[in-house]
Amino acid sequence: MCTVCGCSEGETRIEGHAHQHSHGHSHGHEHEHSHDHGHEHHHEHSHEHSQHHNHAHEQDEAHSHQHGDGLHDYGQGAARAHAPGLSQSRMVQIEQDILGKNDQYAHANRARFEQQSILALNLVSSPGSGKTTLLTETIRRLQQRWPLAVIEGDQQTSNDADRIRATGVAAIQVNTGKGCHLDAHMVGHALASLPELEGGVLFIENVGNLVCPAAFDLGEAHKVAILSVTEGEDKPIKYPDMFHAADVMILNKTDLLPHLDFDVDACIEYARRVNPDIQVLQCSARSGEGMDDWLKWIETQRSQRIEQRIRNLQNRIDQLQAL
Amino acid sequence: MHEMSVAEGIIQVLEDQAVSQNFSRVKKVWLEIGPLASIDSDALRFCFDAVIRGTLADNASLEIIGLPGLAWCLGCGQSVAIQQRYDACPECGSYHLQVTQGDEMRIKELEVE
């Protein structure tokens with residue numbers, strides 16, 4: 001997946017954006033890949049170009065000087081021809097985070113959330129943990145109180161966004177195609193299609209996957225890992241990165257505990273091994289038990305953000321008055 | 001699983017750097033990857049070799065420098081080596097560890113022309 005434009009293997013779709021965004025960005029990148037037949041990424045969204053390039057470039061290596069972002073690149077052809085004097089080998093120390101680009105987009109999202117006192121929660125879990133049911137139940141209980149919106153990430157279908165919309169709350173579905181996670185750029189695009197949310201809560205339901213979403217900051221205030229008790233209690237140590245990245249673990253479907261061998265204490269202990277500070281909530285979206293604790297947690301986080309913004313504004317007013 | 005995204009992220013950084021540091025080809029890339037970075041080095045090599053074709057890093061070699069995982073143990077108040085996030089302190093057995101090194105995922109250096 002292209003982490004610049006979020007275009008995945010060319011299959012990312014953000015509702016309301018259709019495919020346009022993916023054409024807008026990564027052209028330099030795409031051209032370089034499009035003759036590159038060995039793997040599938042990028043192909044679909046570059047259909048207009050790639051059908052010309054795909055085959056033509058296999059024999060025609062002479063195109064290569066145009067690539068490399070406008071630099072004089074004579075070195076990409078099969079002959080490795082270098083212009084004398086232009087191509088001295090040297091070392092460059094760059095010390096850059098590989099996901100730095102994603103982090104920049106995440107930073108921009110976070111700044112936007114802070115400016116508008118939006119509490120953004122990134123809900124992560126394995127598929128089938130009950131994220132969407134928990135979310136619809138949460139929305140049902142909160143929608144009269146604050147503005148809410150949802151960004152739904154799935155590889156395919158808009159089923160989840162449809163379930164959210166049935167509650168009356170705005171939802172944008174992001175289909176990542178073959179991609180295994182949402183990235184910050186996709187979220188930034190999706191935000192553009194959502195209504196005004198000042199002082200509200202944005203739920204980002206990530207692709208069901210306990211591995212990859214751990215590495216991608218979306219600009220959220222907190223990652224919330226949802227683990228249903230029908231899964232193994234050792235999931236936190238099987239997928240330690242995710243439980244380390246999360247601030248909260250919700251044990252969901254607790255109404256089923258009497259029928260299962262799930263060891264709640266062991267699960268919590270495992271989670272604290274990978275993340276000693278993780279907060280644990282237990283609930284059942286279906287029976288409603290424990291939902292109040294979860295809602296209370298959301299309320300506290302939301303209030304803190306608004307209070308922080310008031311303090312910041314008050315400080316600014318004080319500064320201006322002192323002028 | 002997300003090593004392909006990571007490999008493409010590397011190409012993006014290279015392309016940006018090519019403009020700012022004025023080079024047109026990348027011959028070798030040194031990465032620093034910690035044991036807690038949720039990156040499988042072999043998968044990353046595979047993806048790197050796939051995504052570099054046709055880019056400014058075509059045929060570039062990849063060197064992955066492993067870093068030791070380190071954590072500060074709140075139990076015994078010292079820096080200890082860890083391999084996984086769920087490791088206990090090798091000295092006192094406590095799980096109250098704060099990771100201080102090992103989740104790096106960085107491009108350290110390039111050989112360019």
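**Chain folds, confidence and local contacts in a predicted two-chain model**

In chain A, residues 24 or more positions apart account for 70% of the contacts with a separation of 6 or more. The structure is a predicted model. Chain A has 323 residues, and 54% of these count as buried. Its secondary structure consists of eleven helices and nine strands.

Confidence was examined next. The model scores are ipTM 0.78 and pTM 0.75. The average pLDDT of chain A is 80, and 74% of its residues score at least 70. One covers residues 1-10, where the pLDDT is below 50 and the model has 61 contacts beyond near neighbours in sequence. Another covers residues 19-86, again with pLDDT below 50, and has 123 contacts beyond near neighbours in sequence. Where pLDDT is low, predicted coordinates should not be read in detail. For chain B the mean pLDDT is 91, with 99% of residues at 70 or more. Within chain B, strand β1 (residues 26-33) has the highest confidence, at 95. The lowest is found in strand β5 (residues 97-101) of chain B, at a mean of 89.

Helix packing in chain A is illustrated by helices α4 and α7. Helix α4 of chain A spans residues 100-115, and helix α7 of chain A spans residues 184-192. Their axes come within 8 Å and cross at roughly 35 degrees. The crossing of α4(A) past α7(A) is left-handed. On the α4(A) side, the contact is made by Asn102(A), Tyr105(A), Ala106(A), Asn109(A), Arg112(A) and Phe113(A). On the α7(A) side, Ala184(A), His185(A), Val187(A), Gly188(A), Leu191(A) and Ala192(A) take part. By class, seven residues of the contact between α4(A) and α7(A) are nonpolar, four are polar and one is charged.

The loop between α4 and β3 (119-125) of chain A holds Ser117(A). Phi of Ser117(A) is near 50 degrees, a positive value in a residue other than glycine. Ser117(A) has a relative accessibility of 5%, so this residue counts as buried. Asn22(B) sits in the loop between α1 (3-20) and β1 of chain B. With a relative accessible area of 56%, Asn22(B) is exposed.

Aromatic pairing was considered over all chains, and the count comes to one pair. The ring centres of Trp294(A) and Trp297(A) are 5.8 Å apart and the planes lie at 10 degrees, so the pair is stacked. The cut-off for stacking is an angle under 30 degrees. Both residues belong to helix α11 (residues 291-321) of chain A. Trp294(A) and Trp297(A) are three residues apart there, so about one helical turn separates them. Trp294(A) and Trp297(A) are both buried.

Contacts between the chains are seen at Met91(A). This residue lies in strand β2 (residues 90-97) of chain A. Met91(A) is partly exposed, with a relative accessible area of 41%. Leaving aside neighbours within four places in sequence, Met91(A) is in contact with Trp30(B), Glu109(B), Leu110(B) and Glu111(B). Within chain A, the C-alpha atoms of Met91(A) and Gln144(A) are separated by 59 Å. These two residues are 53 residues apart along the chain.

Cys47(B) is placed in helix α2 (residues 41-51) of chain B. At 9% relative accessibility, Cys47(B) counts as buried. Residues up to four places away aside, Cys47(B) touches Glu3(B), Met4(B) and Ala7(B). The C-alpha atoms of Cys47(B) and Met4(B) are separated by 5.3 Å, although the residues are 43 residues apart along the chain. Leu74(B) occupies the loop between β3 (69-73) and β4 (78-82) of chain B. Leu74(B) is partly exposed, at a relative accessible area of 49%. Apart from neighbours within four places in sequence, Leu74(B) is in contact with His96(B) and Gln98(B). Leu74(B) and Leu97(B) are 23 residues apart along the chain, and their C-alpha atoms are separated by 6.1 Å.

Terms used. Residues are numbered from 1 along each chain as its sequence is written. Chains are lettered from A and ligands numbered from 1 in the order in which they are written. This is a predicted model: local features need pLDDT of at least 70, side-chain atom pairs count only at pLDDT 80 or more; totals for chains, interfaces and linings use all residues. Side-chain values use heavy atoms; hydrogens and water are left out. Axes are lines fitted to C-alpha atoms, for helices over the stretch in contact, and angles run from 0 to 180 degrees between N-to-C directions. Helices (H or I, at least four residues) and strands (E, at least two) are DSSP runs, numbered from the N terminus. A crossing is left-handed if the near helix is turned anticlockwise from the far one by less than a right angle, and right-handed if clockwise. Contact means heavy atoms within 4.5 Å. Ala, Val, Leu, Ile, Met, Phe, Trp, Tyr, Cys and Pro count as nonpolar, Asp, Glu, Lys and Arg as charged, and the others, Gly among them, as polar. pLDDT is the predictor's confidence in each residue, from 0 to 100. Rings of Phe, Tyr and Trp (its six-membered ring) pair if their centres lie within 6.5 Å; planes under 30 degrees apart count as stacked, over 60 as edge-to-face and the rest as tilted. Buried means under 20% relative accessible area, exposed over 50%, partly exposed in between (1.4 Å probe, protein chains only).
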